[in-house]
Structures are given as C-alpha cells and as structure tokens.
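Here is a short briefing on the pockets of one protein model. Look over the structure first, then read on.

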Amino acid sequence: MKYVNLFLNNLRISILCEMSHKTNFIMRFISDSIYFFVYFIFYTVIFSYVPRINEWGKYEVLLLMGTFHIVISLFLAFFFPNLVRFPNLVKSGELDGILVKPMNSQYLLSTQVMDIGSLTNVFLGLSIVIFSGMQLEIKVSFISVVLFAGYILLGVFIMYGILFIMVSSVFWLSEASWSIGFFMSFNSFGDKPVSFYKGVIYRFLIYIFPIGIVANVPASVIMNQETNYMEVWMMIIAFILYLLSIFVWDRGLKLYEGGSI
C-alpha cells in the first residue's frame, strides 16, 4: 500500500507543478494535436492512391497509430523522465539518496518524476482509436476493451523494461546517453503494422527489440484481427524483461561505488 501512496503523492506533486505553467501545458496540447493532424493528412494522401497496404486499410492504420501513442504517452509520462535521469544519478553519486531509503530502490528510481503533459497524447490517441473504430464499425465488447487496456499496459512495461536495461549499461560503460537516442529512434517502427516488415527486420522488432508488438497486439485485439498468438509472446517478453531489469539492477548496484564515481 505504501508504494501506491508514494505513486499517488508523486502524481499529485507532478500535476501541481504542471498546472503552475498552464500556458506551456496548453501550447503542448496544441502542438501534439497538430502532430496528429499531420499524420492524419499523411495517411489520407497515401490511401487515396492505394486502398490497402498488406491487408491494412486507412482507418486500421490510424487505429494502430492511436494505440501506439496511448502506449508511448503513458511511458513518457510515468517512466521516461526517470530513466533519462538515471545515468547522471549514477555518475554523480546522487543515486545514494535513493538507495538509503527503506523502499525498493528500483521502484523509487523509476517513479520519482512524472511528465503530466505527456498524458494529453493519451486522450488524443484514444480519440483517434474511437474515431477509427467507428469508421470500421467495430463491434466492441467489454472483454475486448479490458484486453485492449491490459495489452496497452503490457506494452508500456515492455518499453520500460527495454530502456531500463539499456540505461543500466552506465554501471559498466560509465556512459549511457547513447541508449536514449537508440531507443527513441526505433520508436518510429512501433506505430506501423509489424507485418509491413519481413525477414530479419520483422524478427528483430518482435523478438530482439520488441517495439513491434507494443501497439500491434492491442490494436489487433480491439479490431478482432488474427494475432498469431502474439499476445502470448507479449506476456512472456514482458515477464522476461521484468526479470532481466531486476537482474541487471542488482548486478549493477554491486559495481556502484557511490559518490566517489
């Protein structure tokens, strides 16, 4: 219960900080809305020339795009700000302040700071999902909505696990800034149907750097499409990444020398 209370307290503080800069919040919402509008125009132009691409139509792709932006917005809001700070905390020795507290240090490190502004994209992404679903005349059941939400959360934790493991390389390399750029560059693959890719790239996006499933699985579930058991792999890889993150964290802490670094 104390972990829930800590999370809610950090959330409340982050909301108060964000609301103290209302103009910035509004401008960010406007810029994000323009981003979605540009994407909508892009896909409208593409599908004005071809009706479908590899069995995906315009509104199916838009629904997938909206789903991905729900996933990444939740990740950017709750985990990304903390993981970006992680390497500097290790190099400066400020990680000591987290390790001495009587709570799980990995949890504290991962949830201290929240970017509430990123949550605007959740609502924008959800609006695109609902709009696209209406155009596709998708019959939605309570179970499909629950599964959709569940796989979105799994997608968020998969992204967390990937980046956490990557930034943890700072314990061994003394520099992990490369991991942020590498991670963000591959996000561009996440909002497109993974079936667009073939061979080595397809296997890489599914099994090695599984950004290809974080939105494809929940989008396919809500559209009642065949997933080829990818939802099972999604649960397995989320669990594997969770265990790996704990293992890497524990091993890394054994190398950590505190403020002397």
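What volume does the second largest pocket have? It is about 320 Å³. The model behind this value is predicted. The largest pocket holds about 400 Å³ of space.

**Second largest pocket**
- Its lining is made up of 13 residues.
- Gln106, Tyr107, Phe157, Tyr160 and Tyr242 lie nearest the centre of this pocket.
- Helix H6 (105–111), helix H8 (142–167) and helix H13 (230–255) are the elements that give two or more residues each to the lining of the second largest pocket.
- By class, this lining has 8 nonpolar and 5 polar residues, and no charged ones.

**Largest pocket**
- The lining of the largest pocket counts 16 residues.
- Nearest its centre lie Trp56, Ser195, Ser220, Glu226 and Asn228.
- Helix H11 (199–208) and helix H12 (216–222) each supply at least two lining residues.
- H12 gives the most to this lining, with 3 residues.
- The lining of the largest pocket divides into 7 nonpolar, 7 polar and 2 charged residues.

**Helix H13**
- H13 is one of the helices that line the second largest pocket.
- H13 has 26 residues.
- From first C-alpha to last, H13 reaches 37 Å, close to the 38 Å expected at 1.5 Å a residue.
- Buried residues in H13 include Met230, Glu231, Trp233, Met234, Ile237 and Ala238.
- Also buried in H13 are Leu241, Ser245, Val248, Trp249 and Gly252.

Methods
Residues are numbered from 1 along each chain as its sequence is written. This is a predicted model: local features need pLDDT of at least 70, side-chain atom pairs count only at pLDDT 80 or more; totals for chains, interfaces and linings use all residues. Side-chain values use heavy atoms; hydrogens and water are left out. On a 1 Å grid over the protein atoms alone, a cavity is a set of points where a 1.4 Å probe fits but cannot get out, and a pocket is an open set with protein on both sides within 12 Å along at least five of seven lines; lining residues have an atom within 4 Å of a point. Grid points are joined across faces, edges and corners, and a volume is the space filled by probe spheres set on the points. Helices (H or I, at least four residues) and strands (E, at least two) are DSSP runs, numbered from the N terminus. Ala, Val, Leu, Ile, Met, Phe, Trp, Tyr, Cys and Pro count as nonpolar, Asp, Glu, Lys and Arg as charged, and the others, Gly among them, as polar. The expected span of a helix is 1.5 Å times one less than its number of residues. Buried means under 20% relative accessible area, exposed over 50%, partly exposed in between (1.4 Å probe, protein chains only).
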